[in-house]
Amino acid sequence: MINRTAERVLGIISAILLALGVIGSALVAFIWNMASTDPTFMDEFREGIVSEGVLNTGEIDMFMSFMGSFSTIIWVLVAVAFIGLVLNIIGLVKVWNNKSPKTAGTVFIVAGLLGGILSLASILLYIAAILCFTKKPPMAPGPSPDEYVSTQSNWMS
């Protein structure tokens, strides 16, 4: 039986980081959605941009439409990160039972890709996946090389 403590610890830390990321992103998406659908906030925001005089009215209208569609993009990213968190938990269960570490490694890689390609949680998941793939079970005890030499027939001498 192989000790999988390192994979477990890395998986738990990345699950916590992913959960915090999902909660934080959902909070940002909720606030962004509330702000972009509030007409008084949008009017004040538009007036603030116009008063600075940096953008013309066509650019401001384009930016305001982008703000509305950006909340949808944020919610899609939250959903993808949540799927990565669920896959992380599935990988933890698979590595915890030590029944299918190769499958757990594959699930960790997919969870890392969905959780953010180069985030800290994803890097930890990649390391856990590498450990799942590279740790091999101990070899069964067999004859030592000395025993093999002594039991060989010496038919040529």
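Predicted model: local features only at pLDDT ≥ 70, side-chain atom pairs only at ≥ 80, totals over all residues.
How are α3 and α4 oriented relative to each other, roughly parallel or roughly antiparallel? Helix α3 covers residues 57-97 and helix α4 covers residues 101-114; they pack at an angle of about 160°. Angles over 145 degrees count as roughly antiparallel, and α3 and α4 are therefore roughly antiparallel to each other. Their axes lie 8 Å apart, and the crossing of α3 past α4 is left-handed.

The contact between these two helices can be described residue by residue. On the α3 side are V80, A81, I83, G84, L87, N88, I90, G91, L92, K94 and V95, and they meet T103, A104, V107, F108, V110, A111 and L114 of α4. Of the residues in this contact, 13 are nonpolar, four are polar and one is charged.

Leaving aside residues up to four places away in sequence, G84 touches L18, A111 and L114. The C-alpha atoms of G84 and L18 are separated by 7.9 Å, although the two residues are 66 residues apart along the chain.

The loop between α3 and α4 contains N98. Most residues other than glycine have a negative phi. N98, which is not a glycine, has a positive phi of about 60°. Residues under 20% relative accessible area count as buried, so N98, at 17% relative accessibility, belongs to the buried residues.

Attention now turns to helix α1, residues 5-37. At 1.5 Å a residue, its 33 residues should span 48 Å, and the C-alpha atoms at its ends are 47 Å apart, which agrees. The buried residues in α1 are E7, L10, G11, S14, A15, L18, V22, A29 and S36. An α-helix has 3.6 residues a turn, so residues three or four places apart point the same way. The elements that cover the buried residues of α1 include α2 (39-52), α3 and α5 (120-134).

Finally, the chain may be considered as a whole. Its secondary structure consists of six helices and zero strands, so that from the N terminus on the elements run α-α-α-α-α-α. The chain has 157 residues, of which 27% are buried. Among contacts with a separation of 6 or more, 68% are between residues 24 or more positions apart.

Notes: Residues numbered from 1 in each chain as written. Heavy atoms only, no water. Axes fitted to C-alpha atoms, helices over the stretch in contact; angles between N-to-C directions. Helix = DSSP H or I, 4+ residues; strand = E, 2+ residues; numbered from the N terminus. Parallel < 35°, antiparallel > 145°, perpendicular 65-115°, else oblique. Left-handed = near helix turned anticlockwise from the far one by under 90°. Contact = heavy atoms within 4.5 Å. Nonpolar A, V, L, I, M, F, W, Y, C, P; charged D, E, K, R; others polar. Expected span 1.5 Å × (residues − 1). Buried < 20%, exposed > 50% of the residue type's maximum accessible area, 1.4 Å probe, protein only.
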